[in-house]
Amino acid sequence: MTSAAKFVAGAAAGAGGAESYIAVGHSGSPYFTLLDHTTPGSVSLAATYTLSNTGNGVAFSPDGNYIAVGHVSLPRFTLLDHTTPGSVSLAATYTVSGTGQSTAFSPDGNYIAVAHASGVEFALLDHTTPGSVSLAATYTLPSTGNGTAFSPDGNYIAVAHLGSPCFTLLDHTTPGSVSLAATYTLPNNGYGTAFSPDGNYIAVGHVGSPYFTLLDHTTPGSVSLAATYTLSNTGQSTAFSPDGNYIAVGHGGSPRFTLLDHTTPGSVSLAATYTLPGNGFGTAFSPDGNYIAVGHGGSPYFTLLDHTTPGSVSLAATYTLSGAGQSTAFSPN
């Protein structure tokens with residue numbers, strides 16, 4: 001089953017193949033927008049794609065050729081073709097049993113994790129044939145899967161979800177198969193999750209004070225408490241900087257964006273904050289770590305933060321979407 005679609009051709013590819021784009025899933029038609037970031041620190045429209053409803057979770061394939069989108073309304077998962085940089089078209093769709101909340105590609109690009117609502121709540125899609133998807137495996141969570149991330153080696157998949165224990169770590173050491181590795185009981189429902197670049201830590205945003213928890217994964221397949229940080233309200237999304245020294249967190253409650261210092265592995269402290277016009281829903285670092293994309297409530301719904309001075313954030317640019325920015329992802333350079 002396919003959704004109605006349109007696309008707008010993007011800007012020409014940058015010289016030397018150093019293209020850079022930002023995918024944004026959002027509320028308000030067309031529900032998916034691709035932003036041009038070929039001029040660092042600046043954003044403009046590259047392309048749009050009309051989904052069936054709100055785009056919730058976006059992720060680029062490791063080679064940048066495809067974009068996975070989890071969304072509201074059938075088929076709830078759409079794979080977009082980005083083989084022409086800056087342009088998007090339909091590659092494939094897959095019907096999951098409930099709203100697609102978040103997506104993540106395996107490091108080799110062969111699999112796509114989809115956390116979703118209803119039924120099994122987690123689906124692993126086979127992408128071994130680029131641009132095509134089929135079911136590889138499912139896993140039944142206690143309730144809606146909200147956030148998902150692959151470990152850098154591809155052996156584990158972190159899933160933050162509704163329902164106790166609110167965080168589940170899946171074993172993916174056999175490619176295409178998932179089984180239980182470990183769980184961790186959060187204070188309340190889990191939302192955004194991310195692995196550190198070395199795979200040793202997992203950041204989780206959640207409901208219930210302290211709203212942010214850092215898990216220790218130095219023993220692969222096992223999780224334990226490393227640190228917590230008290231945010232002003234629910235942690236909605238998390239992202240590690242490419243060097244692992246900082247963690248971006250979008251959250252409820254002013255200032256709605258917090259940058260945590262992780263220069264001491266396993267420990268977190270305040271680096272900086274930035275006041276958004278509404279709740280921070282989606283965060284992503286640029287591949288060089290110089291910029292942070294944030295999708296949020298409140299117009300203009302998308303903000304690009306400058307992180308060229310590590311540990312500090314300032315306004316780089318904004319882009320007005322048709323509705324709240326739910327998730328963001330940078331293309332790999």
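Leu225 touches Tyr184, Thr213, Leu214 and Leu215, when residues up to four places away in sequence are not counted. This is a predicted model, and its chain averages a pLDDT of 94, with 94% of the residues scoring at least 70.

**Leu225 and its sheet**

- Leu225 has its place in strand E19, and because its relative accessible area is 47%, between the limits of 20% and 50%, Leu225 is classed as partly exposed.
- Between Leu225 and Thr275 there are 50 residues of separation in sequence, and their C-alpha atoms lie 29 Å apart in space.
- Strand E19 belongs to an open sheet of four strands, in which the order is E16-E17-E18-E19 and the pairing is antiparallel.
- Strand E16 (190–195) and strand E19 (224–230) stand at the edges of this sheet, and since each has a single partner strand, one side of each is left without a neighbour in the sheet.
- From one strand to the next, the twist in this sheet averages 20°.
- The pairing of E16 with strand E17 (residues 201–206) is antiparallel and runs over four bridges, and Gly190 has His206 as its bridge partner in E17.

**Nonpolar cores**

- The largest nonpolar core has 16 residues, and those with the most contacts inside it are Phe32, Leu34, Ile67 and Val88.
- At least two residues of this core come from each of strand E1 (21–26), strand E2 (31–36), strand E3 (44–50), strand E4 (55–60) and strand E5 (66–71).
- Beyond its neighbours within four places in sequence, Ile67 is in contact with a set of residues that includes Phe32, Leu34 and Val88, together with Ala23, Ala59, Phe60 and Leu80.
- Another core, of 15 residues, lies apart from the largest one and has Ala149, Ala158, Leu169 and Ala182 among its members.

**Thr283**

- Thr283 lies in strand E24 (residues 280–285), and because its relative accessibility is 8%, which falls under the 20% limit, Thr283 counts as buried.
- A polar contact of 3.3 Å joins the side chain of Thr283 to the side chain of Ser237.
- Once neighbours within four places in sequence are left aside, the residues in contact with Thr283 include Ser237, Thr238, Ala239, Val249, Phe257, Val294 and Thr328.

**Confidence at the start of the chain**

- Over residues 1–18 the pLDDT stays under 50, and for this stretch the model has 39 contacts beyond four places in sequence.

Note on methods
Residues are numbered from 1 along each chain as its sequence is written. This is a predicted model: local features need pLDDT of at least 70, side-chain atom pairs count only at pLDDT 80 or more; totals for chains, interfaces and linings use all residues. Side-chain values use heavy atoms; hydrogens and water are left out. Buried means under 20% relative accessible area, exposed over 50%, partly exposed in between (1.4 Å probe, protein chains only). A polar contact is a pair of N or O atoms within 3.5 Å; within protein, one must be able to donate a hydrogen and the other to accept it, and residues adjacent in sequence count only if both atoms are side-chain atoms. Contact means heavy atoms within 4.5 Å. Two strands pair if DSSP finds at least two bridges between them. Axes are lines fitted to C-alpha atoms, for helices over the stretch in contact, and angles run from 0 to 180 degrees between N-to-C directions. pLDDT is the predictor's confidence in each residue, from 0 to 100. A nonpolar core is a set of buried Ala, Val, Leu, Ile, Met, Phe, Trp, Tyr and Cys residues joined through side-chain atoms within 4.5 Å.
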